[in-house]
Amino acid sequence: MAGKMTGAQMVVQALKDQGVDTVFGYPGGAVLPIYDEIFQQNEIRHILVRHEQGATHAAEGYARSTGKPGVVLVTSGPGATNAVTGMTDALMDSIPIIVLTGQVPTFMIGNDAFQEADTVGITRPCTKHNWLVKDTDRLAETIHQAFHVATHGRPGPVLVDIPKDVQFATGRYVAPAKASTGHYNPQVKGDIDAITAAVEALENAERPVIYSGGGVVNSGPAASQLLRELVSATNFPVTSTLMGLGCYPASGANWLGMLGMHGTYEANWAMHDCDYMLCIGARFDDRITGRVDAFSPQSVKVHIDIDPSSINKNIHVDIPIVGDIGHVLEDLLRVWKARGRKTRSEAVAKWWAKIEEWRAVKSLSYVNSDSTIKPQYALQRLEALTKGRDRYITTEVGQHQMWAAQFLGFEDPNRWMTSGGLGTMGYGMPASIGVQVAHPDALVINVAGEASWLMNMQEMGTAVQYRLPVKQFIVNNERLGMVRQWQELLHGERYSHSWSESLPDFVKLAEAFGAKGILCDNPADLDDAIQEMLDYDGPVIFDCVVEKHENCFPMIPSGKAHNEMLLGSASTKGAIDVGGAVLV
Amino acid sequence: MNALAIKKGSSRKSAYDLRNPLDEHQETHTLTVLVDNEAGVLARVIGLFSGRGYNIDSLTVAEVDHQGHRSRITIVTTGTPAVIEQIKHQLERMVPVYSVNDLTVEGPSVERELALVKVNCTGEKRVEAMRTGEVFRANVVDSTLESFVFELTGGPEKIDAFVALMVPLGLVEVSRTGVAAIARGV
């Protein structure tokens with residue numbers, strides 16, 4: 001519908017035309033005209049968060065669990081600056097979110113007006129792109145362009161800053177079909193010569209490993225299907241980064257578990273000893289590689305990524321393929337089939353025998369207890385009692401996040417929403433809200449640590465207001481567990497400020513919010529308590545009091561290679577040298 | 001005592017490359033970047049360089065297509081070959097960027113810089129400054145009884161050489177544009 005309308009009307013119309021059903025936001029002076037338009041319609045649902053950071057993480061949860069972009073609406077100044085952490089988180093994990101911010105009127109910009117901030121200046125490095133719209137006639141097209149940029153190529157956060165006078169003024173609306181999206185159109189098809197070279201190397205591989213990542217999730221469900229087809233057709237072992245869990249099912253025969261700093265022994269040794277590495281939509285992040293000059297020294301490395309700047313950034317690769325995972329895997333499978341579906345199956349069988357030896361180490365084992373709940377045990381029971389359900393998991397950041405990645409099994413993509421790149425404590429609680437809004441009937445659990453959870457606990461109010469039955473599963477060790485673990489390994493067991501005194505009574509806290517609280521500190525009661533949480537139709541805070549000094553293993557100490565991983569406490573003495581100590 | 005004060009360049013075992021990049025082979029490249037001339041585009045490019053720790057030796061920018069609102073940015077940068085590759089890819093993926101060309105590797109190119117050089121001198125030094133200016137084909141664009149302002153065009157080395165010669169003759173101020181560059185041939 002072309003025609004004259006106000007800027008505020010345009011915002012709502014553009015969102016509708018882009019297929020948006022939900023906006024996470026918080027009103028304020030500079031966005032009042034847009035809120036007035038939201039009030040006068042019913043197509044777009046607005047979820048009122050309690051803090052703008054919560055809005056961005058909720059939008060991320062929505063986006064990560066649906067594949068559709070999440071939308072945030074906040075006011076100028078503090079509204080925008082509070083959204084910075086969420087945008088940075090989305091940038092690091094390549095999550096498409098569109099953040100609309102109000103701005104002081106154009107004639108006041110630069111005057112240090114009330115609630116003015118240089119929003120586009122502040123958010124330039126933490127968005128994929130951003131715009132300040134100074135002309136109502138340009139507003140609709142800019143919003144459409146923002147959706148295009150957020151969702152094409154490597155996805156990411158974008159921001160449109162809209163001064164208040166632009167919201168009041170009238171201008172001409174442009175529908176998405178007629179709007180110019182500019183010249184931003186990254187390549188999706190991979191170079192066929194490079195793909196053929198990758199297939200040739202694949203055919204000759206004797207010790208192959210497939211290393212997949214979040215790019216497979218971002219490419220869409222078809223990419224996960226193609227990955228599964230490739231794995232089963234070649235019988236190659238497959239591991240994944242934290243971001244890519246679920247693309248290949250955890251119950252699959254070729255699954256090695258997660259790789260990296262807290263990945264499994266078999267996955268990391270396979271990465272180290274392989275002669276062919278097929279990296280699909282991952283970026284050789286420092287949590288994955290360990291010491292870079294000792295990273296997988298004997299392998300031919302193929303890297304498929306939609307972002308050319310990811311190639312050769314940390315690790316030199318032999319065969320780079322720039323393109324969308326779905327398109328490239330389709331071509332790769334087609335070429336491989338056309339050339340006769342060859343693999344060195346005998347050598348690969350020997351390789352599997354070697355992998356089974358590593359697997360026999362059982363690197364995820366831990367010493368259980370009858371008297372205290374071990375965090376690993378808590379997650380194992382959570383897994384056992386929720387397996388097979390329509391289940392979505394978010395997490396906060398720290399030890400509990402790694403244990404969740406190790407002990408929960410994901411069968412499908414978009415079921416595991418965690419802050420990987422930025423490592424944002426306080427992410428999981430609001431993210432679980434975004435997931436539950438997108439999937440009202442699903443079971444949504446935020447696996448949390450008590451310290452992370454407190455960072456955005458105000459969003460419990462949002463959960464109660466919108467009757468979102470999110471389950472907050474707090475693995476409570478009264479410690480900043482991962483910080484404590486590093487202080488133990490690196491800083492002579494001097495636990496500087498890594499525990500919380502005067503934690504709230506989580507059961508009373510839940511009741512104060514109008515939710516249900518459950519406390520469990522006895523392993524014998526754990527199953528019943530978890531079942532009570534699952535059976536309750538409404539938001540729950542589950543205070544799972546666990547062993548306070550449990551460390552997360554296995555672990556590649558910083559500055560070490562994959563084949564130098566630690567399996568348990570006995571092997572930690574002097575594990576990190578001075579070179580590794582400066583790393584994070 | 002200070003175990004963490006590891007010397008730069010002594011950490012080859014580290015997971016991050018903490019070695020002093022100056023120990024490695026450094027190259028200087030001239031990149032031209034065609035961008036939409038939209039608000040903040042220069043801040044974006046500069047922010048990329050400062051945020052990721054890349055060098056800018058010189059940078060020039062002006063709109064070259066007034067109808068299409070496209071600007072051409074010429075950046076001279078120094079880094080290891082891997083860093084230069086990264087810089088190009090990081091520039092290419094920016095939304096307002098149309099194209100990135102590395103003139104240093106893409107064949108012969110012309111690089112020119114303009115400088116305005118003010119020299120205060122009298123007597124013999126004044127004659128010598130004038131004569132040197134003629135040798136370098138510099139134009140005198142301002143003159144008083146005690147000073148000249150020379151306008152000089154050429155590669156950065158030529159300008160460096162001219163400025164060095166002017167120092168003993170009474171150099172007081174230099175203003176340089178930075179390099180503008182274009183590929184030779186069709």
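Five residue pairs are in polar contact between domain 2 of chain A and domain 3 of chain A, with both partners at pLDDT 80 or more. By class, the side of domain 2 of chain A that touches domain 3 of chain A has 10 nonpolar residues, four polar ones and two charged ones. The model is a predicted one.

Now place these two domains in the chain. Contact between them involves 16 residues of domain 2 of chain A and 17 residues of domain 3 of chain A.

Next, the area. Domain 2 and domain 3 of chain A bury about 1300 Å² between them, and carbon and sulfur atoms give 64% of this. Three residues stand out on the domain 2 side of chain A: L242(A), L245(A) and H262(A). They supply 42% of the area that domain 2 buries against domain 3, more than any other three residues.

Charge pairing comes next. The count between domain 2 and domain 3 of chain A is one salt bridge. Elsewhere in the listing of side chains, R228(A) and D412(A) meet in a salt bridge, at 4.0 Å from N to O.

Finally, turn to the rings. Over all chains, the structure holds 16 aromatic pairs. One of them joins Y265(A) and W269(A). This pair is tilted, with 5.9 Å from centre to centre and 50 degrees between the planes. Both residues lie in helix α12 (residues 265-273) of chain A. Y265(A) and W269(A) are four residues apart there, about one turn of the helix.

Methods
Residues are numbered from 1 along each chain as its sequence is written. Chains are lettered from A and ligands numbered from 1 in the order in which they are written. This is a predicted model: local features need pLDDT of at least 70, side-chain atom pairs count only at pLDDT 80 or more; totals for chains, interfaces and linings use all residues. Side-chain values use heavy atoms; hydrogens and water are left out. Contact means heavy atoms within 4.5 Å. Buried area is the accessible area (1.4 Å probe) that two parts lose on being put together, summed over both. A polar contact is a pair of N or O atoms within 3.5 Å; within protein, one must be able to donate a hydrogen and the other to accept it, and residues adjacent in sequence count only if both atoms are side-chain atoms. Ala, Val, Leu, Ile, Met, Phe, Trp, Tyr, Cys and Pro count as nonpolar, Asp, Glu, Lys and Arg as charged, and the others, Gly among them, as polar. Rings of Phe, Tyr and Trp (its six-membered ring) pair if their centres lie within 6.5 Å; planes under 30 degrees apart count as stacked, over 60 as edge-to-face and the rest as tilted. Helices (H or I, at least four residues) and strands (E, at least two) are DSSP runs, numbered from the N terminus.
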